[in-house]
Amino acid sequence: MDVTRFLDLAIAPKVLFDTLEERKDRVRFWVPRPGAGTDLSAYTAVTYGAFAADVRALGSALTAELEPGDRAAIFAPNRVEWATAALAVQAVGGVIVPVYPASTPAQLAYVLDHSDARVVFVDTPALLAKVLEAWPSLHDDGRGLRRVVLLDAGLDAERVLAKVRAEGRAAPSDEALARVLSLTDLLTAGAARDAASPGAFEARMGAVSLDQPGMMLYTSGTSGNPKGVPLTHRNVGTNGKDWLTLNGPLVPENAIDVLWLPMSHIFGFGEMNLGNTLGMTSYLSDPVGCIALVPVVKPHVFMSVPSHWEKLAAPALRESDPAAQRDALRACTGGRLAFCLSGGAGLKREIKEVYHSAGILIVEGYGLTETSPTLTLNRADSFRFDSVGKPLPSVELKLADDGEILAKGPNVFGGYHKDEAATRAAFTEDGWFQTGDVGRFTEDGFLQIVDRKKDILVTAGGKNIPPANIEQHFQGDPRFAHVVVYGDGKKYLVAGVWLNDAVVDAELGALPASERTAAREALVAARIAEVNAHLPSYETLKAFHIFDEPLTVERELLTASLKVRRKKVVEVFRAELEALYDRPAPARR
């Protein structure tokens, strides 16, 4: 596709309206009805025209709720209305604050309070219950939450509030329900306001500067509270322009994608906005259903995470004949993939090579929330499977003396919200953003990631070991939920292991209960021996402990985006991990 006309910087909602006349009757989203699965006849079409009309109506209504620069949180699973709310907020100069649906009430309360969110859009009874539980703890000084908007008209706030109270959880007073509105009511009010003041919506949208924040994302919070990352429209727009320049020509006209990535993450929100820009049609799905949907929809574009690429490839990997493998892979992916992107973690090289042998290139890159988000990408005409690509056109990268990746460019954020100390710590004295990742450049200019700087373990023998490099060997094994490597300052490394009980129990079958503990130990020991065989001796795991107590968001052992809080896990389970060193010293290999 020729993307030349899409390269001028503009705020995301304006891009939707600038191309509306030519696309208004085309389908923007196919939305599954409950239980639809892969039955495409059970999907409902939402045209570009209908989508834009709702963005316009909601934006018109929000002029009475938000001043330019005000924040509005979105706490909901993916749905068209999530995108509607986001673009409407940005169109009137507001700042969206996505909140991960897995967040606890305390985590939600922190984000709402810290961001001074004026409005929160919410969906599902479970998430509304979290909003109601968080509400009493929010500051009430005139700067905070004043409106809760229900994305689903069928959501009964009174019933949810009664349930929260019955369970003995914190809850707001009945008067708070007066601040709860349905999206339907706001759309009606906004359409009337728009009709009464023609041109007012365009004027408000036209006044939004590229240098205003358009979104504020919160970091995972692997140590301490999450940090608010304001990104301007210019930050995100510049990154989008670079992305389109490199990848846009690979996307065919009228492309179809399966959109399941959470829009609460910049990866998913970016995919949605890419679709608006290039005129794509998106089938909405979820993390579980998307795998079965792909061969039915036959998308041209699929953006996903490593585990999904591995699941799609599973039938092909069972084939030994190369031709049969290619046929199986094309059948599993629908046979029309033109652009594929994997993110969130590193995809195994052997998986990338299997796809590539079938004529499917999976592109990987590297970036952070603070960089809007992409810093490097592999390209169709220049890639290495052992790298995360080369810097984008607008990005400057260099390595510090200790190997830390430093970045500059118009996509790099200006500083953390309400946190001058963290902002100072994030930049060098001469203005380079410190990514916290350790990398190296290949002789031909590709960036390779070594590890997170702060997660490197230093053994008693002086070896610097990135634990993630060891842990990633277990990520593709469905029997393992989490593996945490331990051993800073020790003579050797050990590991805490958390199993996927359902998978392990199925594998052990009808084994008597008296034998299951030993069988689980043997299963883990065998897998660790396989991993150790591929590691240098100083990185091998010499002992392990299987924990039955799961890692959860509620106990702050996982972030809201389900990443392991390493320091917290070590703090909670230190005694068991230390006890592994009380056993006889393992034999060296």
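Q: Where does P373 lie?
A: P373 is in the loop between β14 and β15, the latter being residues 374–377. Strands (E, at least two residues) and helices (H or I, at least four residues) are DSSP runs, numbered from the N terminus. This is a predicted model, in which local features need pLDDT of at least 70 and side-chain atom pairs count only at pLDDT 80 or more, while totals for chains, interfaces and linings use all residues. Residues are numbered from 1 along each chain as its sequence is written, and side-chain values use heavy atoms, with hydrogens and water left out.

Q: What kind of peptide bond joins S372 and P373?
A: The bond is cis, with omega at about -5 degrees. Most peptide bonds are trans, and most residues other than glycine have a negative phi.

Q: What is phi for S372, then?
A: Phi of S372 is near 70 degrees, a positive value in a residue other than glycine. S372 is also in the loop between β14 and β15.

Q: Is S372 buried or exposed?
A: S372 is buried, with a relative accessible area of 2%. Buried means under 20% relative accessible area, exposed over 50%, and partly exposed in between (1.4 Å probe, protein chains only).

Q: And what about N254?
A: N254 is not a glycine, yet its phi is positive, at about 55 degrees. N254 belongs to the loop between α10 (233–247) and β10 (256–259). With a relative accessible area of 47%, N254 is partly exposed.

Q: New topic: how many cavities of 30 Å³ or more are there?
A: The structure holds two of them. On a 1 Å grid over the protein atoms alone, a cavity is a set of points where a 1.4 Å probe fits but cannot get out, and lining residues have an atom within 4 Å of a point. A volume is the space filled by probe spheres set on the points, which are joined across faces, edges and corners.

Q: What volume has the largest cavity, and what lines it?
A: The volume of the largest cavity is about 50 Å³. Its lining includes K352, E364, N378 and F383. Strand β14 (residues 362–367) gives the most to this lining, with three residues.

Q: What lines the second largest cavity?
A: L112, D113, D116, A117, L138, H139, G144 and L145 line the second largest cavity, which holds about 30 Å³ of space.

Q: On to sheets: what is the order of the open sheet of three strands?
A: The order is β23-β24-β25, with mixed pairing. Strands β23 (480–486) and β25 (541–546) stand at the edges with a single partner strand each, so one side of each has no neighbour in the sheet. Two strands pair if DSSP finds at least two bridges between them.

Q: How many bridges join β24 to β25?
A: Four bridges join β24 (residues 493–499) to β25, and the two run parallel. Among them, L493 has L541 in β25 as its bridge partner.

Q: What about β3 and β4?
A: Strand β3 (residues 71–75) runs parallel to β4 and is joined to it by four bridges. The bridge partner of A72 in β4 is I96. Both faces of β4 (residues 95–98) are covered, as V95 and V97 on one side and I96 and P98 on the other are all buried.

Terms used. 1 Å grid on protein atoms, 1.4 Å probe; cavity = no way out; pocket = protein on both sides within 12 Å on 5 of 7 lines; lining within 4 Å.
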